[in-house]
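Subject: Structure for your files

Hello,

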Amino acid sequence: MIKKIYHRCSPINQRRIDTFFFNKRASWSLWIFLFIFTFSLFAEFIANDKPLIIHYDGALYSPVLVNYPETTFDGDFDTEADYTDPYIIELIEEKGWMLWPLVRYSFDTHIANLPQPAPSPPTSSNWLGTDDQARDVFARVLYGFRISILFALALTIGSSLIGIAVGATQGYYGGKIDLYGQRLLEIWGGLPQLFVLIILASIISPNFWWLLAVMLLFSWTGLVDVVRAEFLRGRNLDYVRAAKALGVSNFTIMRRHILPNAMVATMTMLPFILTGAITTLTSLDFLGFGLPAGSASLGELMSQGKGNLHAPWLAITAFLVLSSMLTLLVFIGEGVRDAFDPRLLSQ
Amino acid sequence: MSNILSVEDLSISFRQKKEGKDKERQDKEHQDNDLHIVKSINFTIPHNKTIALVGESGSGKSLTAHAIMRLLPYPAAYHPTGKIIFEERDLLALSLKKMVNVRGNDIGMIFQEPMSALNPLHTVEKQIGEALTTHYAHAQNSSPKPTKKIIREQVLALLAQVKIPEPETKLGAYPHELSGGQRQRVMIAMALANRPKLLIADEPTTALDVTVQKDILDLITELQATYQMSVLLITHDLGVVQYMADHVLVMNKGEIVEEGSVENILKHPQNEYTQQLVNSHPSGNPVTLTDSIEQLPILLSAENLSVKFPLSKPLFGRCKSFFHALNQVTIQLRKGTTLGVLGESGSGKSTLALAILRLIQADGSIKFDRNEISHLNESEFNAYRREMQIVFQDPFSSLSPRMSVKQIIGEGLHLQGNLSKIEIEQKVSVIMKEVGLEPSMQHRYPHEFSGGQRQRIAIARALVLDPRLLFLDEPTSALDRTVQMQIIHLLRKLQQERQLSYLFISHDIHVVKALSHQIIVIKEGCIVEHGDAATVLSSPSHPYTKKLLEATL
């Protein structure tokens, strides 16, 4: 499958792929990152306060995927069963068994029976300790990592789609469109992003999508200049003129003849936009203007570390996770950048 | 007679980086992977003589010149064997410090492209002065630091010597303020600043117009006599060789295949390659017409065609001053004939083609097949696009590097919309055969082809739509002479078979002569002369045309 895709690539791209994987640091970073990311995508099955499978009274239940009321297990209430409640556990184990995930806490589980007052240091059941609201740090890191990456990916894809479209239009048509577009960009770039977010946070309670939308409003400008420059250069190339003389439509010329040139610059920038998005989300969470209270986030862990200096495992964990994630991404980004370096092709 | 420079058994190789292989294997295969560009060549340059090194692109002639100056990208480049003896010293074994003194001081060099060889951020005075101050102590053996005044006087003297008009006003000029010929003169002044004993001229006139070319060559000859220096002239143009050189070395694929006096080489070439080179001079006559030219119907005519660019644009209101790239040009092109457009760079000859194709905005009337097409909107004009196609000068930039040959040639066919995939494939194969390419090559990418093959692909792309009119914008000037001849033959064959009309744009009189029935000569956006090719070229009436013809070597 991968081989098939590889052979469908043009020779230039094949050479780029080869160059990337020849760079050991970048390819290892990519594999490690992909492994951790895939791992975190299944966070619900790794760290959860619900059992993976329950065998009760001859039937199988999967509480991770479906909500079951307490009455299913002969409990008293119609509300969702709380599998950490000793009473429920006793009820289930009377007539069957439960298979628990690796970590028995979700990111928002308040652990009731801690040996020490929260935040408690790492133990065999809380591998990275707990935070000041008695929640398991490992579970929060796992969920927080996932949400950071997903947020950054969505933001990167969104802003590159808008950025490339705007940059392409400005560069290709030039003239007045370009002139007014650039002035608009300059004014837009002057708006204080953080203040807009703070003002917004006082009007609505920002969730994942709100944050994404607001940050998208400001982050799409990053790619415009690069793409615009490539299109300005590209529209006067001989093969673009030849295509025009053939009667090819503007849109097709932009997509087929010029965009591939602009993609080199775009691809080179993408990994760094990704790391930038992670940093922004983390710092917003750190300041308290980010994701709603209670959601798993690395920035919130960071601010807990600042607030609880006597519990160093919080700050150390947040620091290590963030720095290693960003390092991996920067290594991958450098690999991509070198792979797209035109000097390599000319050698 | 003693020699000033002798090159003995010189080889130049380049280390090839291999990716995806472990180090040890790489070292083992090391020798075999390297590119051996120049293979043990021997030659000598006598005192006060001009030696020409002739060859096509990629023959290694420029690399040889750069090796003498030690300007190759070491350590990627290295010399497996060889010595370069200059005044009893081996330049290849010299320490870098001593080499710096040789460069510019004992050996001067002129490069091909004067625009990129001069630093755009420094004035003429500073650039020539730099050459003087760097070597001053070495040259004078006395005062360590010359004063500004002395430098300025010397720069002025040099500028006067290379015949730059009003040298005082040019001292503070930046390279972009000078014309191409003046820039080349500044380059020569820099190279001569320290009275070198050897001047290496690497294609000194290739980037220049013909009228300027002759002046520059005359200047080099004159300075050679004044300074009693030797000149190593690198060129691909046999006309320049005949004009300048005493002795010729012919280089092919890194080897010197023949050497001898100019007379012998040009008149009685022995080596097969040299013969090919000498015979590849554009020759032959344009396609013979069935009728006399006045009888043929007019395919394309343009009347009072003008293209202007605003010079200074005010923020509000209308622009008042314009640069006229084309000024009231009127042309007529008859069916099945070639109209040659002759002019120097910047004369507006390419603009003419782009304006008729509506790739740039123009005023005036254009009639194709008696239909007025200048007022049509974009979609109405698209119907005419397939009737007129264009082939550009540089075959490297006119093909998209990311598309296969089949995609490139087939792109126009896809636009017609009514052809199936198989039909398109067939048409692409047929046209590839017609322009002399193997249809099996259609899945390759442009970078796998040579310049001549790429130009054939570009012609195929234009012809696949079965146009009646082809604009050829210097289609041969980026190619070697031997390849040029092949393309000219191809164009003639296609014209005969398909009754094509050509608008052939070139600065090269020989090429225009080989293809055109009628000629217009264009200067600064205006037509200065037009008429039958034979008449214009044999008895030109306008002084500019006369000058062009005289300057052609």
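**Helix packing in chain A**

Helix α12(A) crosses α14(A) in a left-handed manner (the near helix is turned anticlockwise from the far one by less than a right angle; helices are DSSP runs of H or I, at least four residues, and strands of E, at least two, numbered from the N terminus). This is a predicted model, in which local features need pLDDT of at least 70 and side-chain atom pairs 80 or more, while totals for chains, interfaces and linings use all residues. Residues are numbered from 1 along each chain as its sequence is written, with chains lettered from A and ligands numbered from 1 in the order written.

α12 (250-287) and α14 (312-339) of chain A pack at about 165°, axes 7 Å apart (axes are lines fitted to C-alpha atoms over the stretch in contact, and angles run from 0 to 180 degrees between N-to-C directions). The pair is therefore roughly antiparallel (over 145 degrees). Among the residues that meet are F272(A) from α12(A) and L329(A) from α14(A).

**Chain contact**

In chain B, 22 residues are in contact with 20 of chain A (C-beta atoms, placed from the backbone, within 7 Å). The largest share of the chain B side, three residues, comes from α15(B).

**Cores**

The largest nonpolar core has 140 residues (buried Ala, Val, Leu, Ile, Met, Phe, Trp, Tyr and Cys joined through C-beta atoms within 7 Å; buried means 20 or more other C-beta atoms within 10 Å). Helix α6 (137-173) of chain A gives the most to this core, 15 residues. Apart from it lies another core, of 67 residues, including V38(B).

Regards

Terms used
A residue is buried if 20 or more other C-beta atoms lie within 10 Å of its own, exposed if 12 or fewer, and partly exposed in between; C-beta atoms are placed from the backbone. Two residues are in contact if their C-beta atoms, placed from the backbone, lie within 7 Å. Angles under 35 degrees count as roughly parallel, over 145 as roughly antiparallel, 65 to 115 as roughly perpendicular and the rest as oblique.
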